[in-house]
Amino acid sequence: MPLSSPASLGVEEERYRRRTPASERCYIEARRYLPGGDSRSPLFYSPYPAVMDRGEGCRLFDLDGNELIDFTGNHSALALGYGHPHVLGAVERQLERGTCFPGPTEPQVRLARMLVERIGSVERVRFTSSGTEAAANVIRAARAFTGRPKVAKVEGGYHGTSDDALVSTHPTGPDAGERSRPRSQPSALGLAPRTLENVVVIPFNDGAAAARVIEAEHHRLAAVLVEPVLGSAGMIPAERGYLETLREVTRRLGVLLIFDEVVSFRVAYGGGEEHFGVVPDLTILGKLIGGGFPLGAFGGRQDVMALFDPSAGRPGIPHPGSLNANPISLAAGIATLELLTRDAIETINRRGESLRGRMRGAFAEAGVAAEITGLGSLFGIHLTGHPVRDFRDTLDVDTALRHRIFLGLHNEGVLIDPRGVGTISTALGETELERFIEALRAVLARVGDRTPIR
Ligand code: PLP
């Protein structure tokens, strides 16, 4: 029987169920009102997700009072951990002044200035309420600026939930086409007609193959979207030369290059573009720039961003949004970036590097095949015996074993994303990293153990 058979999964699940009866009750109730009991589909895991009660620093507490050391940072949205006093103070001060206004605010200028000063390529920026909206606006801007209808995205890349973005996020089977020339696959039912025609898919970490697709399509191609670290697919960093090739070919052919830095912004003070030394035309931001509150942003070249300027008449692209640039989110974002200094980033990056190394050691000692990916404070665990360089390399991972390890870590008081990825916040210190590795060792030691729990 394979190690990850349902019988062996049962050991962790039984423990999990015993620890989380209040979560189970809440989840059963939630399903009466919400499809699947929640409003974020990737957060579901079997048998039911632990219901969150509160967070303090690097610790989360579920409804049953279980304490979890958090290695998700709400999926990279919280770079400083939960309830950081500097962020809370800024939010409280803004709450007293007002939560939303029918006019621009001074905090908007401050956060815009911070982003323009940090990110070399960003000359102008606009705020939204989510990364999804930022990506949708940037795609529209690229089409408007170039007058071309198509955009290219990376296979396995995630840019939120607009129709254009929901193409080939998790393609499988023969319909996905050749690895070097992927075919566009719908990632949701109900996409607008012709979406697949207008979204071209390129491979990740194969610059030559990606360039061939871009060259073949360029007369009708407005932009190429890429995450410098492929996040949802498992924190897979771009390899040397890949982003450079995309930059060269797009510049040569008049196609805009868009970096989605919603996740990768944290890898360096000036984001992934600073780390990789490649300058895009436009950038999508989200998650941590809102300090735990809803906020997205898009920005880049002034000539492209001028499409959103209403000061000289009706803008080329209208960009309303009742809660755009919400001042509470701006206050939390400013406070977060104030503390996410070059030194702070260096520290979490060092911890990320150290954790990835120790994870490799723990898997090797246990004799469990695993590939650990990541960059800076981002990590991905892939239960496979070969290198992971793109989305297709993740297709044969042992998902049952991954789930068992996820539940096992949960039982040991450590939380990662159910898909095996995680992030390091500034609230996590050496002690917590060591706890992670101890927990992982304990879980791996239980792999294959099918003794019923007493
Ligand atoms: N882009 C990337 C790389 C993301 O990881 C995400 C969210 O996970 C988004 C865009 C969408 O952001 P949001 O969830 O704020 O809509």
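The model is predicted, so local features are given only at pLDDT of at least 70 and side-chain atom pairs only at pLDDT 80 or more, whereas totals for chains, interfaces and linings use all residues. Residues are numbered from 1 along each chain as its sequence is written, and side-chain values use heavy atoms, with hydrogens and water left out.

The protein contains 15 helices and 16 strands, taken as DSSP runs numbered from the N terminus (helices H or I, at least four residues; strands E, at least two). With a radius of gyration of 22 Å, close to the 22 Å that the globule rule gives for 454 residues, the protein is as compact as a globular protein of that length. Here the radius is taken over C-alpha atoms, and the rule is 2.2 Å times the number of residues to the power 0.38. The C-alpha trace spans about 70 × 55 × 45 Å along its principal axes.

Turning to the ligand, its surroundings consist of S130, G131, T132, Y158, H159, G160, E227, D260, V262, V263 and K287, a residue being near when one of its heavy atoms lies within 4 Å. This shell comprises three nonpolar, five polar and three charged residues. In this scheme Ala, Val, Leu, Ile, Met, Phe, Trp, Tyr, Cys and Pro are nonpolar, Asp, Glu, Lys and Arg are charged, and the others, Gly among them, are polar. Of the 390 Å² of accessible area that the ligand has on its own, the protein covers 81%, by the Shrake-Rupley method with a 1.4 Å probe.

Two cavities of 30 Å³ or more were counted; a cavity is a set of points, on a 1 Å grid over the protein atoms alone, where a 1.4 Å probe fits but cannot get out, and its lining residues have an atom within 4 Å of a point. The largest holds about 60 Å³ of space, and helix α14 (residues 399-411) gives the most to its lining, with three residues. That lining has six nonpolar, one polar and two charged residues. The second largest cavity, of about 40 Å³, is lined by E155, R179, P203, F204, D390, F391 and R392.

Most residues other than glycine have a negative phi, and most peptide bonds are trans. The S46 to P47 peptide bond, however, is cis, and P47 sits in the loop between α2 (21-30) and β1 (52-56). R194, not a glycine, has a positive phi of about 75 degrees and belongs to the loop between β5 (150-154) and α7 (195-198).

Methods
1 Å grid on protein atoms, 1.4 Å probe; cavity = no way out; pocket = protein on both sides within 12 Å on 5 of 7 lines; lining within 4 Å. Points joined across faces, edges and corners; volume = space filled by probe spheres on them.
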